Amino acid sequence: MRGLLLNNYYSLQNNIKTSLGIALALLLVSFVAADHSVMNSIVAAQILIFSVSIGSSLQMDEASKWSKLEITMPIQRKTVINAKYLSFILLILTGSAVSIVTPALTYVRGIDTTHFNLSTGFTFGLSLSISTISIYYPVILKFGVEKSEMMIMVSAALSVAIRFLVWMLLGLLWKPVNFNGAETGYVSLIVAVVIFAVSYLLAVRIHRNKEF
């Protein structure tokens with residue numbers, strides 16, 4: 001498992017550096033416009049930017065024939081998927097950790113953030129990241145990485161559509177709610193976690209039946 005995680009890290013290393021650079025550039029925006037909605041957008045984007053970098057990593061694995069090599073190792077195929085999904089979780093946590101710096105620096109600068117509700121940014125970024133990876137990876141595992149860039153965009157669009165669906169259902173079942181409201185955000189995050197679990201089970205099944 002450790003070797004698989006290290007390989008995933010090396011594949012993602014350059015993408016993580018690029019994502020970190022973009023996240024820090026987004027952080028500079030908060031120095032120009034420390035507005036509630038802008039801050040939420042920055043936080044969400046900082047979390048998401050790390051997740052969408054997995055496409056390049058999978059393309060590198062395909063180019064190096066690693067996907068064929070790893071199944072010859074004395075490990076179960078389920079272990080390969082475990083390492084992948086654990087790497088996805090670590091990637092999402094990295095984005096989340098970086099995003100926390102944005103409101104922290106805003107607070108250190110002495111700006112009054114007591115009226116800021118950044119739950120929208122965090123829940124939107126997390127739910128979108130989790131569901132995007134959850135939709136993207138099983139499809140790529142099944143059909144290959146040839147359409148990787150397009151699939152990551154399609155997966156992100158479907159993730160936004162899922163949030164819209166959650167928003168509409170909440171409005172029908174309970175009361176009118178805000179698309180960017182806390183209720184929509186937390187329920188969307190729960191749905192994303194459920195999709196992630198289903199995605200994992202689906203990926204295990206695909207990998208066991210796949211002939212590389």
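**Figure 1. Residue classes in the lining of the largest cavity.** In this predicted model, local features need pLDDT of at least 70 and side-chain atom pairs count only at pLDDT 80 or more, while totals for chains, interfaces and linings use all residues. Residues are numbered from 1 along each chain as its sequence is written, and side-chain values use heavy atoms, with hydrogens and water left out. The lining of the largest cavity is made up of 7 nonpolar, 4 polar and 1 charged residues (Ala, Val, Leu, Ile, Met, Phe, Trp, Tyr, Cys and Pro count as nonpolar, Asp, Glu, Lys and Arg as charged, and the others, Gly among them, as polar). The residues in question are F124, S127, L128, S131, S159, V160, I162, R163, S188, V191, A192 and I195. At least two lining residues come from each of α6 (119–143), α7 (148–173) and α8 (182–209) (helices are DSSP runs of H or I with at least four residues, numbered from the N terminus). The space in this cavity amounts to about 80 Å³, and the whole structure holds 2 cavities of 30 Å³ or more. On a 1 Å grid over the protein atoms alone, a cavity is a set of points where a 1.4 Å probe fits but cannot get out, a pocket is an open set with protein on both sides within 12 Å along at least five of seven lines, and lining residues have an atom within 4 Å of a point.

Figure 2. Two or more lining residues come from each of α2 (36–51) and α6. Helix α2 makes the largest contribution to the lining, with 5 residues. By class, 3 residues of the pocket lining are nonpolar and 9 are polar, with no charged residues.

**Figure 3. T132 and S155, a pair in contact.** T132 belongs to helix α6, whereas S155 belongs to helix α7. T132 is classed as buried because its relative accessible area is 1%, and S155 is classed as buried because its value is 0% (buried means under 20% relative accessible area, exposed over 50%, with partly exposed in between, for a 1.4 Å probe and protein chains only). Apart from neighbours within four places in sequence, T132 is in contact with I152, S155, A156 and S159 (contact means heavy atoms within 4.5 Å). With the corresponding neighbours of S155 left aside, the contacts of S155 are T132, I135 and Y136. A polar atom of the T132 side chain lies 2.5 Å from the backbone oxygen of L128. For S155, a polar side-chain atom lies 2.7 Å from the backbone oxygen of M151. The C-alpha atoms of S155 and V139 are 9.6 Å apart, although 16 residues separate the two along the chain.

Figure 4. S99 counts as buried because its relative accessibility is 0%. A polar atom of the S99 side chain is found 2.6 Å from the backbone oxygen of S96. Beyond neighbours within four places in sequence, S99 contacts V43, Q46, I47 and F122.

**Figure 5. The largest nonpolar core.** This core contains 29 residues, and I54, I81, Y85, F88, Y136 and Y137 touch the most other members. Each of α1 (2–32), α2, α3 (54–63), α5, α6, α7 and α8 supplies at least two residues of the core. Helix α6 gives the most, with 7 residues. A nonpolar core is a set of buried Ala, Val, Leu, Ile, Met, Phe, Trp, Tyr and Cys residues joined through side-chain atoms within 4.5 Å. Not counting residues up to four places away in sequence, I81 touches Y137, L141, Y200, A203, V204 and H207.

**Figure 6. L201 of helix α8, with the chain as a whole.** L201 is exposed because its relative accessibility is 58%. The C-alpha atoms of L201 and K78 are 9.5 Å apart in space, with the two residues 123 apart in sequence. The chain comprises 8 helices and 0 strands. Of its 212 residues, 43% count as buried. Among contacts between residues at least 6 apart in sequence, 78% join residues at least 24 apart.

Notes. A polar contact is a pair of N or O atoms within 3.5 Å; within protein, one must be able to donate a hydrogen and the other to accept it, and residues adjacent in sequence count only if both atoms are side-chain atoms. Grid points are joined across faces, edges and corners, and a volume is the space filled by probe spheres set on the points.
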